[in-house]
Amino acid sequence: MKEIFDKLREDIEIPEIVNKKAEDAFEKIYAECKDNTKELEIKNIKPTKRHNLKKMTVVVAAAVMLCAVTTAAAVLKWSQSLSEGMQVSEDQMKNVENSGMNKFVEQSCTDNGITVTAIQSITDNYYTHIAFRVEGFEIEEGKQPDFEEFDITVDGKDDFGISAGFWDGIVSDNNGNLITTDGKPLAKDKDGRTVENYVLDDGTMEYHITLFNHNEEKGKFFGKPIHVELKNLGTVAKAEYFSGIEGNWTFDWTLAGADTTEVYEPDFMLENTGAKVKKIEVSPISIMVEYDFPRQETEEEYMDENGEIGTVTMLEEPPFAKGVKLKDGTVIKYLYSGPGGGGYEDENSDTYSFLLASDRVIDVDEIESILFLKPVDETMKYPKLEFYDVPFLNKK
């Protein structure tokens, strides 16, 4: 479901960062962050996968920080949350880098003993994935780390959806089962809760931000300056933030980005659903589907705050794309990782579009067909999940 979140609107003094890049080598660049104290009203504090939105007023005191672009290693490495989290092979890494989607950032900022490094960003027509490394912050076992707030703008604007959270070391297999990155089933604690592993082998953690634009111009993020400000680091449980370390970590760089989509127009009717698949766009990290889908109304029951049952009129949704079948016979049933969503072009249109972020990097040239989930028989206790198999003749 599409998420558009309001963030800080007030003017705030932003630290200046002066970047200098030599043609064949990187130099360290230092930024002086000016002391300032300003009371801000923060609306809709940033959502993670487990956050509810809040409204509160805080006082932010900016400390002196050291922010620099660093390249300690001769070869810039992918972040673990992107390489392992998106199950990327070495060949796929090279392809993503060569395509122009990838940008190694390696910009670090230290405040109150915690160093946060913007590692890299990957950008296609609709999405930008950004990975940050966090060093120096220790949490108790079973706790979930989180930043209290963030402020993100691209080209000075914040008109996009956001999803963010610390990477927990969990991925999906081809059938949609949650597993660890080494293929093992998830461990449970004594209370039966899934054990999430936020701390990497080297003691660091990684924070993952995804930006997306839906029903807007393609390539919205290409070559645009991005500003990211992360504030205060603690833990979160049941949508409540618990303070830990105060800090302000600020980053500025220019996103890369490339149109790597391949497009097919199948004109494929999904049986008796009323939905016809008109166009499919697939990039290594996303799928966009456009349907011809005349509006269909349905009545849904709901329970109000007094326990009374009522009904509401809703619009039916077309079968959504969920996975892919590859030319070698591999079937990946569930690719959706979020964020994403769908909707009509306008209130009078029958053109419906659906956008998903893939949970892994896809070899687009190896796709044979796109899998769309068939309507589920809700009368069955254990409904059988079946798919429409829509050919994808990916030729630009």
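1. Two strands pair if DSSP finds at least two bridges between them, and strands here are DSSP runs of E with at least two residues, numbered from the N terminus. By that rule, strand S19 (residues 297-303) and strand S20 (residues 309-315) run antiparallel and are joined by 7 bridges. Glu300 has Val312 in S20 as its bridge partner. The two strands form a hairpin with 5 residues between them, and Gly307 in the turn shows a positive phi of about 85 degrees.

2. A friendly word on the basis of all this: the model is predicted, with local features needing pLDDT of at least 70, side-chain atom pairs counting only at pLDDT 80 or more, and totals for chains, interfaces and linings using all residues. Residues are numbered from 1 along each chain as its sequence is written, and side-chain values use heavy atoms, with hydrogens and water left out.

3. S5 pairs with strand S6 (residues 114-123) in the antiparallel sense over 8 bridges, and Asn102 stands opposite Ile122 in S6. This hairpin has 2 residues between its strands, and Asn112 in the turn has a positive phi of about 55 degrees.

4. Finally, Thr273 sits in the loop between strand S16 (268-269) and strand S17 (276-283). Is Thr273 buried or exposed? Thr273 is buried, with a relative accessible area of 13%. Leaving aside neighbours within four places in sequence, Thr273 is in contact (heavy atoms within 4.5 Å) with Phe293, Gln296, Pro319, Pro375 and Tyr388. A polar atom of the Thr273 side chain lies 2.7 Å from the backbone oxygen of Leu270.

Note on methods: Helix = DSSP H or I, 4+ residues; strand = E, 2+ residues; numbered from the N terminus. Buried < 20%, exposed > 50% of the residue type's maximum accessible area, 1.4 Å probe, protein only. Polar contact = N/O pair within 3.5 Å; in protein donor to acceptor, adjacent residues only side chain to side chain.
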